[in-house]
Amino acid sequence: MIDVVLADDHPVVRAGLRAVIDGQPDMRVVHETPTAEDLLRWLDDGGRADVILLDLRFGEARMGGAEATGTIVRRHGTPVLVVTTYGTDADILAAVEAGATGYLLKDAPTEELARAIRSAAAGEVALGADVQRRLLGRMRAPAVTLSARELEVLRLVAAGRSNDAVARELFLSVATVKSHLAHINTKLGTQSRTEAAARARDRGML
């Protein structure tokens, strides 16, 4: 039996995931929680699972799924399967680099979700079809692929941050931020930070 934990701030989503899991003969939900903080407390208190289904965002001032994934993997080694509505390059890279075993969008078919849970429990990589297409696209077109750090910089720029603010938030020098922006403009074929942010949004990078 595969013991699964659900971490999502929407009760309706948790109910839907529970219905899918409980409908499988070889898996069951053993715990569910609305925040990443509660999930970490449960694990630190001795909670055990074979797979954790984790959303990527839990609302303002809450720990995000990528940060939680990194902590879970370091402290407990439990496989994390990110199940979210967010499918941009920046979101996928953040989760994968944090150590997520798999990444699935919430509109994935029931059979795909069940397969991904079984794969994650077995220690295998479990990527949804849409996510695989995005990652393959990055590999096939490296010239227009932004690094995780470049995506972080551009996400803050798109949110209206100045170069100074970006530098403070990412613990970089202003010169390094400007260097990242220069590389971003070269890769995207843009002339300004505003144009770069707009093009990245159009391409689903942000």
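This is a predicted model: local features need pLDDT of at least 70, side-chain atom pairs count only at pLDDT 80 or more; totals for chains, interfaces and linings use all residues.
Visitor: Which residues make the contact of H9 with H10?

Guide: On the side of H9 they are Leu-181, Ile-184, Asn-185 and Leu-188, while H10 brings Arg-193, Ala-196, Arg-199 and Ala-200. Sorted by kind, the residues of this contact between H9 and H10 are five nonpolar, one polar and two charged.

Visitor: What makes H2 and H3 roughly parallel to each other?

Guide: Helix H2 (residues 36–44) and helix H3 (residues 65–75) have axes that cross at roughly 5° and come within 10 Å. Because angles under 35 degrees count as roughly parallel, the two helices H2 and H3 are given that description. Their contact is made by Ala-36, Leu-39, Leu-40, Leu-43 and Asp-44 of H2, together with Ala-68, Thr-71, Ile-72 and Arg-75 of H3. The residues of the contact of H2 with H3 divide into six nonpolar, one polar and two charged.

Visitor: How do you know whether Thr-78 is buried or exposed?

Guide: Thr-78, which sits in the loop between H3 and strand S4 (80–84), has a relative accessibility of 8%. Buried means under 20%, so Thr-78 counts as buried. Setting aside neighbours within four places in sequence, Thr-78 is in contact with Ala-49, Asp-50, Val-51, Ile-52, Ile-72 and Val-73.

Visitor: Why is Leu-156 called buried?

Guide: Leu-156, a residue of helix H7 (residues 148–158), has a relative accessible area of 10%, and because the limit for buried is under 20%, Leu-156 is placed in that class. Beyond its neighbours within four places in sequence, Leu-156 is in contact with Arg-161, Val-166, Glu-169 and Leu-170. The C-alpha atoms of Leu-156 and Val-166 are separated by 6.4 Å, although the two residues are ten apart along the chain.

Visitor: What makes Asp-164 partly exposed?

Guide: Asp-164, found in helix H8, has a relative accessibility of 43%. Buried would require a value under 20% and exposed a value over 50%, so Asp-164, lying in between, counts as partly exposed. Its C-alpha atom is 8.4 Å from that of Val-177, a residue 13 places away along the chain.

Visitor: How do you know that Phe-171 is exposed, and what is its phi?

Guide: Phe-171 belongs to the loop between helix H8 (163–170) and H9, and its relative accessible area is 77%. Because exposed means over 50%, Phe-171 is called exposed. Phi of Phe-171 is near 55°, which is a positive value in a residue other than glycine. Most residues other than glycine have a negative phi.

Visitor: Where in the chain is confidence lowest, and where is it highest?

Guide: Confidence is lowest in helix H6 (residues 129–140), with a mean of 70, and highest in strand S1 (residues 2–7), at 97. Across the chain the average pLDDT is 89, and 95% of the residues score at least 70.

Methods. Residues are numbered from 1 along each chain as its sequence is written. Side-chain values use heavy atoms; hydrogens and water are left out. Contact means heavy atoms within 4.5 Å. Helices (H or I, at least four residues) and strands (E, at least two) are DSSP runs, numbered from the N terminus. Ala, Val, Leu, Ile, Met, Phe, Trp, Tyr, Cys and Pro count as nonpolar, Asp, Glu, Lys and Arg as charged, and the others, Gly among them, as polar. pLDDT is the predictor's confidence in each residue, from 0 to 100. Buried means under 20% relative accessible area, exposed over 50%, partly exposed in between (1.4 Å probe, protein chains only). Axes are lines fitted to C-alpha atoms, for helices over the stretch in contact, and angles run from 0 to 180 degrees between N-to-C directions. Angles under 35 degrees count as roughly parallel, over 145 as roughly antiparallel, 65 to 115 as roughly perpendicular and the rest as oblique.
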